[in-house]
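Open the model in your viewer and keep the selection tool at hand. The tour goes stop by stop.

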Amino acid sequence: MFYKDERLVLFIDGANLYAAAKSLGFDIDYKLMRQEFMRRGKLLRAFYYTALLDSEEYSPIRPLVDWLHYNGYSMVTKPAKEFTDSQGRRKVKGNMDIELAVDAMELAPHVDHVVIFSGDGDFRPLVESLQRQGVRVSVVSTIRSQPPMIADELRRQADNFIELEDLRDVIGRPTREPHAGEE
């Protein structure tokens with residue numbers, strides 16, 4: 001539930017939203033997403049959080065990051081950390097939860113409604129704190145994947161849960177089919 005006159009901010013956990021959309025079989029059209037939430041209220045900012053690998057010459061997420069930056073999104077990035085786990089597998093770690101939470105807390109006095117695109121249960125205390133400050137909080141994720149991408153405690157804490165699958169026709173674009181010879 002949105003009100004036309006409310007000041008709205010989007011907080012997008014990039015990795016979490018990507019995984020949720022992928023589990024549902026579609027890609028997000030970020031231009032349409034921005035337009036949809038501008039229609040729902042007075043969109044002040046749309047933050048996108050992601051960690052980037054500095055070590056690689058080309059990062060597959062770099063074109064998206066650049067496009068978002070030039071198209072009205074406030075980008076919050078940090079270098080991802082690479083490490084080798086106990087089985088010798090190369091792993092990448094780049095959690096942006098703290099950055100998102102700090103930004104949300106700083107903006108709370110200036111907004112009416114926060115929309116968090118993440119299913120991470122670690123955000124439940126943030127949602128609770130924003131609510132205590134009089135901010136309405138919507139959470140966008142999915143319960144229609146196996147397993148569900150949203151923590152039950154986060155879904156219950158939010159004022160409004162928006163099923164990502166229900167936004168498919170509004171903010172989705174068809175998943176690109178690989179061309180012959182591509183995998």
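Is Ser 141 buried or exposed? Select Ser 141: this residue is buried, at a relative accessible area of 1%. Buried stands for under 20% relative accessible area, exposed for over 50%, and partly exposed for anything in between (1.4 Å probe, protein chains only).

Before going on, note that this is a predicted model: local features need pLDDT of at least 70, side-chain atom pairs count only at pLDDT 80 or more, and totals for chains, interfaces and linings use all residues. Residues are numbered from 1 along each chain as its sequence is written, and side-chain values use heavy atoms, with hydrogens and water left out.

**Stop 1: around Ser 141**

Ser 141 sits in strand S8 (residues 136-141). Helices (H or I, at least four residues) and strands (E, at least two) are DSSP runs, numbered from the N terminus. Now show the contacts of Ser 141, leaving aside neighbours within four places in sequence. Among them are Ser 118, Gly 119, Met 149, Phe 161 and Leu 164. Contact means heavy atoms within 4.5 Å.

Step along to Pro 147, in the loop between S8 and H6. The peptide bond from Gln 146 to Pro 147 is cis, with omega near -5°.

**Stop 2: Leu 164 and the cores**

Select Leu 164. Beyond its neighbours within four places in sequence, Leu 164 is in contact with residues including Leu 17, Ala 20, Ala 21, Leu 24, Ile 28 and Ser 141.

Which residues touch the most other members of the largest nonpolar core? They are Ile 28, Met 33, Phe 117 and Leu 164, in a core of 28 residues. A nonpolar core is a set of buried Ala, Val, Leu, Ile, Met, Phe, Trp, Tyr and Cys residues joined through side-chain atoms within 4.5 Å. Colour the elements that give two or more residues to this core: S1, helix H1 (14-24), H2, strand S3 (42-52), H3 and strand S7 (113-117). A second, separate core has 23 residues, including Phe 47, Tyr 49, Val 111 and Leu 154. In soluble globular proteins, nonpolar side chains tend to be buried together.

**Stop 3**

Select H1. Its buried residues are Gly 14, Asn 16, Leu 17, Ala 20, Ala 21 and Leu 24. Why do they lie on the same side of H1? Because they cover an arc of only 165° around the axis. The arc is that of the directions from the helix axis to the C-beta atoms. On the other side of H1, Ala 15 and Lys 22 are exposed. Gly 25 follows H1 and has a positive phi, near 85°.

**Stop 3: the aromatic rings**

Show the rings. The structure holds seven aromatic pairs. Rings of Phe, Tyr and Trp (its six-membered ring) pair if their centres lie within 6.5 Å; planes under 30 degrees apart count as stacked, over 60 as edge-to-face and the rest as tilted.

Zoom to Phe 2 and Phe 37. Their pair is edge-to-face, 5.8 Å centre to centre, with 65° between the planes. The pair links distant parts of the chain: Phe 2 is in the segment before strand S1 (7-13), Phe 37 is in helix H2 (residues 30-40), and they are 35 residues apart. Phe 2 and Phe 37 are buried.

Next, Tyr 30 and Tyr 73. They too form an edge-to-face pair, 6.0 Å centre to centre, with 85° between the planes. Tyr 30 is in H2 and Tyr 73 in the loop between helix H3 (62-70) and strand S4 (74-79), 43 residues apart. Both are buried.

Ring pairs link Phe 2, Phe 37 and Phe 117 into a cluster.

**Stop 5**

Select strands S5 (residues 81-84) and S6 (residues 90-93). They pair in the antiparallel sense over four bridges. Two strands pair if DSSP finds at least two bridges between them. Phe 83 has Lys 91 in S6 as its bridge partner, and Lys 81 stands opposite Lys 93. Five residues lie between the strands of this hairpin, and Gly 88 in the turn has a positive phi of about 85°.

Select Arg 156 in helix H6 (residues 152-157). Arg 156 is exposed, at a relative accessible area of 63%. Finish on Val 102 in helix H4 (residues 97-107). Val 102 counts as partly exposed, at 40% relative accessibility.
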